[in-house]
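Please look through the sequence and the structure shown below before reading the report.

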Amino acid sequence: MSTFSHLDAEGRARMVDVSAKIDSSRTAVAAGEFVTTPEVVTLVRADGLPKADVLATARIAGIAGAKKTSELIPLCHQLALSSVSVRFDFTDTAITIEATAKTKGPTGVEMEALTAVAVAGLTLHDMVKAVDPAATLTNVRLLTKDGGKHGHWQRETAVPATAPAKRSATVLVASTAAAAGSRTDTTGPQIADWLRERGFAVRGPLVHADADIAAGLADALSDSPALVLTTGGTGASPTDATPEATRAVIDRELPGIAEAIRQRGAAAFPLASLSRGIAGLVGRTVVVNLPGSPGGVRDGLAVLEPMLDHLLDQVAGGGRHD
């Protein structure tokens, strides 16, 4: 389990030292709802309140709030924001707020996006309080963030309690260049999209340098997902360490899967035989190493397609075992 980064070893609040981190392009999107009466929503949409320009004022306030985040939140870093946008939409009884913040730097912009939403919502409250003092700013939350070591993160959409539970999967990318922000990884999103299309709740892609892949794998396994798919770090380079990190944690190997992936790739691209990827079980989690190229990932997913449901059923304790 991760520790609180803003606490030191003795539990005291601190500002995280990001001086050793490499700059990368970072984006965060946050949202919230300003819940009010249908009458207020109608007035705002028509710009009919005594305080005119309600949305324009709230938009400017949200942008200004994002720029002041480091002054409002004590341990936030000062960031050179490259873009902040605030947009509004409407339901019958609410004004929805969405803010996007962007920067290029060593740390993320989640707090800037969240602050933009909060300040925009508070400004809406100030603008409409004469008409509806009971209005409520609610559900301020982070929707997505991109950039840095962990790559893309997206909030899972809530499902009704009656809906069947989704299988969980985590995508892990081993790439020193992508972790440093000098190359954009495409294989992680490729795998994540494939999993979502098949109904999985997906965490990641989590992006780690090759030297940190063991820690990345531990993080990927920390919430015991049904499936972990890794990409990259399976070749013969001295820095490729994904198979070693995987072998160190698996309880039982599934050699047939890894061999089938190699055979399928080698049929069209003989160098695919050089992949050292393995597959196995960590408790009830299936872990499969995929190559680090889009073509290699495509071949690996094609091998998994017909067997994955049956495999996960078996590992979970159901299905046939013959």
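The report turns to the basis of the model, then to a helix, and then to a sheet.

## Basis of the model

This is a predicted model, in which local features need pLDDT of at least 70 and side-chain atom pairs count only at pLDDT 80 or more, while totals for chains, interfaces and linings use all residues. Residues are numbered from 1 along each chain as its sequence is written, and side-chain values use heavy atoms, with hydrogens and water left out.

## Helix α2

Helices (H or I, at least four residues) and strands (E, at least two) are DSSP runs, numbered from the N terminus.

Buried means under 20% relative accessible area, exposed over 50%, and partly exposed in between, with a 1.4 Å probe and protein chains only. In α2 the buried residues are Val54, Leu55, Ala58, Ala61, Gly62, Gly65 and Ala66. They lie on the same side of α2, because they cover an arc of only 135 degrees around the axis, taken from the directions from the helix axis to the C-beta atoms. The face turned away from that buried side carries the exposed residues Ile60 and Lys67.

## The sheet

Five strands form an open sheet in the order β2-β3-β1-β4-β5, with antiparallel pairing, where two strands pair if DSSP finds at least two bridges between them. Its edge strands, β2 and β5 (153-154), each pair on one side only. Strands β1 (residues 24-35) and β4 (residues 136-146) run antiparallel and are joined by eight bridges, and Thr27 stands opposite Asp146 in β4.
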